[in-house]
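Subject: Model handover, salt bridges and aromatic pairs

Dear colleague,

Here is the model we spoke about. My notes on its side-chain contacts follow below.

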Amino acid sequence: MREFVIRWIGNAVILLVVANALGGQNGQADPVVVHGFGAAFLGVALVTVLNLLLQPMVSAIKALGCLVNLLTIGAFGWLVSFGFWALAFYLVGFMTRPLGDNFRIESFGAAAAAAFWVAVGNGLLSMALHRGGSGNDDR
């Protein structure tokens with residue numbers, strides 16, 4: 001449970017950093033807007049729930065594309081997973097529009113960029129959490 005809470009808070013912080021890093025340039029509107037930790041916390045929760053709901057579809061597509069996955073040495077499976085992460089981010093941005101401008105994703109491209117950088121941050125967070133060992137310490 002402790003690791004779950006740390007991951008959730010960590011992913012919310014990562015989402016805040018990614019939203020600030022993907023800010024609009026040359027006076028353009030920001031493609032990803034996250035105002036405050038509460039919006040990031042809600043965004044991470046909604047993306048997680050959407051990924052849980054979409055996971056059977058991801059698994060089915062990966063199973064149907066088994067030969068393609070074998071031929072591409074796993075790149076097809078990674079691409080399918082990444083696509084669904086980007087779709088989840090885009091859908092969360094779309095679903096939260098009635099709630100105001102606290103969490104907004106302007107386009108699918110912005111959702112894909114956010115999903116990529118959040119995945120990178122999540123990988124680094126996983127490495128940091130499991131750095132101390134996998135439970136087979138002599139303590």
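This is a predicted model: local features need pLDDT of at least 70, side-chain atom pairs count only at pLDDT 80 or more; totals for chains, interfaces and linings use all residues.

W85 has a relative accessible area of 35% and so counts as partly exposed (buried is under 20%, exposed over 50%, partly exposed in between, with a 1.4 Å probe and protein chains only). F89 is buried, at 3%.

Residues are numbered from 1 along each chain as its sequence is written, and side-chain values use heavy atoms, without hydrogens and water.

Aromatic pairs: the count is eight. The rings of F4 and W8 have centres 5.6 Å apart and planes at 55°, so this pair is tilted (rings of Phe, Tyr and Trp, its six-membered ring, pair with centres within 6.5 Å; under 30 degrees is stacked, over 60 edge-to-face, the rest tilted). Both residues lie in helix α1, four residues apart. W85 and F89 are also a tilted pair, at 6.4 Å and 35°. Ring pairs link F4, W8, F37 and F41 into a cluster.

Salt bridges (Lys or Arg side-chain nitrogen within 4 Å of an Asp or Glu carboxyl oxygen): there are two. E3 and R7 meet at 3.4 Å, both in helix α1 (residues 2–21). R104 and E106 meet at 2.4 Å; R104 is buried at 18%, and E106 is partly exposed at 37%.

Regards

Conventions
Helices (H or I, at least four residues) and strands (E, at least two) are DSSP runs, numbered from the N terminus.
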